[in-house]
Amino acid sequence: MHIGTSITQYIIEEERRYSDATGDFTSLLNDIVIACKVISNAVNHGRLAGVLGSADTENVQGETQKKLDVISNELFLECNEWTGHLAAMASEEMEEVYQLPEQYPRGRYLLVFDPLDGSSNIDVNISVGTIFSILRCPQGTTDPTEADFLQPGTQQVCAGYALYGSATMMVLTTGHGVNGFTLDQSIGEFTLTHPGMEIPADTREFAINMSNMRFWEPPMKRYIEECLVGRDGPRGVDFNMRWVASMVADVHRILCRGGIFMYPMDAKIEAKGQGGKLRLLYEANPMSFIVEQAGGLSSTGRRRILEVQPEALHQRIPVILGSRHEVGRVVDYHTEAAETA
Ligand code: AHM
Ligand code: MG
C-alpha cells in the first residue's frame, strides 16, 4: 500500500528549502490545517449538530451572521491564538484587529482570514470554504495595529483555502506553485492529490452573478454580451456559465479546469459607497496569489489586485481572475473604454 505525501510532510519539505528556517512557519501552517479540519467537521455535521441558521447578529459589514460563521471564527482563533507564531489576527467577521490574550507569546506572523466564505450556501448544503493569508509582522512590532495589516498582496508569505465540498480539500501556495490536498477522513490527514495545479490559459466558461448585469460598467457588459452570443458573435465560440456563489468553490473549479471568475464593480455597490463586493485582504488577495501562482491572472479590470495598497482592513474591491487570456481580454476592454471616454 502507498501512503502518498501528507500535508505535514509537504510543509516540512517546503521548510527545508530555507536554511535559516526556524520551524515557526511550519508549525503555523500545521495549526491552520488543524483549524480547517475542525471547521470541516462542524460544517459536515450541519443540522445534526444544530449549527445551521442565523446567529441573530450582524458582522462589521452589516451582514447577518450564520451560526456557523460565528462558530468557525471562534474555532480559527482558538486553534491559532496560543501557539506563539502569530503577533495578531484579522478576520472578516471581526471589526477590529484581534489582539492575542496576554498570557500567550507573540510571534513573527500576521494571520488574516475569512473563516467561512459563501455562508449564504450553508443552510442549503452547498460547498463553503475558509480562506487565509499569512503576512510578516513588521520588525520590532509586538502589538500590531490595523496599519500593520495594510500590506499589498505581493507581500503575502502564504495563502490558501479549505473547500468543504463533496470532499474536503486544502489548496496552498507559498510562492512556489500551487498544491492541492484532499482530506482522507479515515486517517484524518490531508494527502497531496493535486500537485502543481495550473490554470489553462484559455477557457470557454465564465462565472458571474448575471442578475447584476444591468448595474455593470460598459466593459463588463461588452465582455459578457459577447460570451452570450457565442458562435454567432465576435468570439466565434459558445460559452458555458457556472455560479456557485461560494468564491472558494468557483475559484477551485477554475484551478481544476480553467475559467474566469468576476465580481465586478456595479452601480448597486457604488450606491452603498463600497469599492466592490469582495474583500481585498480576506478574499481577493489570497485568491489572487493562488491564481497567479497557478499561471492565471487577477485584476480589478484596471490594475493587478496584488499591487493594490490596502487602505482599510475591510476594504472591498472588484475581482476578475482566472484563465489569463480571458482576464487579459476583460482588462483590454477596460483600457479601451478608458481611452475612448
Ligand atoms: P461572504 O464572505 O459573506 O460569504 O460573501 C462572499 C461571497 C463569495 O463567496 C461569493 O463569490 C459571493 O459572495 C457571492 O455573491 P452573490 O450572492 O452576490 O452572488
Ligand atoms: Mg467571504
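For what follows, Ala, Val, Leu, Ile, Met, Phe, Trp, Tyr, Cys and Pro count as nonpolar, Asp, Glu, Lys and Arg as charged, and the others, Gly among them, as polar. Please bear in mind that this is a predicted model.

By that division, the shell around ligand 1 comprises six nonpolar, four polar and seven charged residues. Of the 17 residues surrounding ligand 1, the closest are Asp117, Gly118, Asn209, Met247 and Tyr263.

Which polar contacts does ligand 1 make? A polar backbone atom of glycine 118 is 2.7 Å from an oxygen atom of ligand 1. For tyrosine 263, a polar side-chain atom lies 2.6 Å from a ligand 1 oxygen. In glutamate 283, an N or O atom of the side chain is 3.1 Å from an oxygen of ligand 1. Ligand 1 taken alone exposes 470 Å², of which the protein buries 85%.

Is glutamate 283 buried or exposed? Its relative accessible area is 1%, so glutamate 283 is buried. Its side chain also reaches the backbone nitrogen of arginine 279 at 2.7 Å. Leaving out residues up to four places away in sequence, glutamate 283 touches Glu92, Asp114, Asp117, Ile131, Met247 and Leu278.

The largest nonpolar core has 40 residues, and Phe76, Leu111, Phe132, Ile134, Met170 and Leu172 have the most contacts inside it. Helix 2, residues 24–45, contributes the most to this core, with ten residues. A second, separate core of 33 residues includes Ile199, Val248, Ile254 and Leu321.

Conventions
Residues are numbered from 1 along each chain as its sequence is written. Chains are lettered from A and ligands numbered from 1 in the order in which they are written. This is a predicted model: local features need pLDDT of at least 70, side-chain atom pairs count only at pLDDT 80 or more; totals for chains, interfaces and linings use all residues. Side-chain values use heavy atoms; hydrogens and water are left out. A nonpolar core is a set of buried Ala, Val, Leu, Ile, Met, Phe, Trp, Tyr and Cys residues joined through side-chain atoms within 4.5 Å. Buried means under 20% relative accessible area, exposed over 50%, partly exposed in between (1.4 Å probe, protein chains only). Helices (H or I, at least four residues) and strands (E, at least two) are DSSP runs, numbered from the N terminus. A polar contact is a pair of N or O atoms within 3.5 Å; within protein, one must be able to donate a hydrogen and the other to accept it, and residues adjacent in sequence count only if both atoms are side-chain atoms. Contact means heavy atoms within 4.5 Å. A residue is near a molecule or strand if one of its heavy atoms lies within 4 Å of it. Accessible areas come from the Shrake-Rupley method with a 1.4 Å probe; for residues, only the protein chains shown count as cover.
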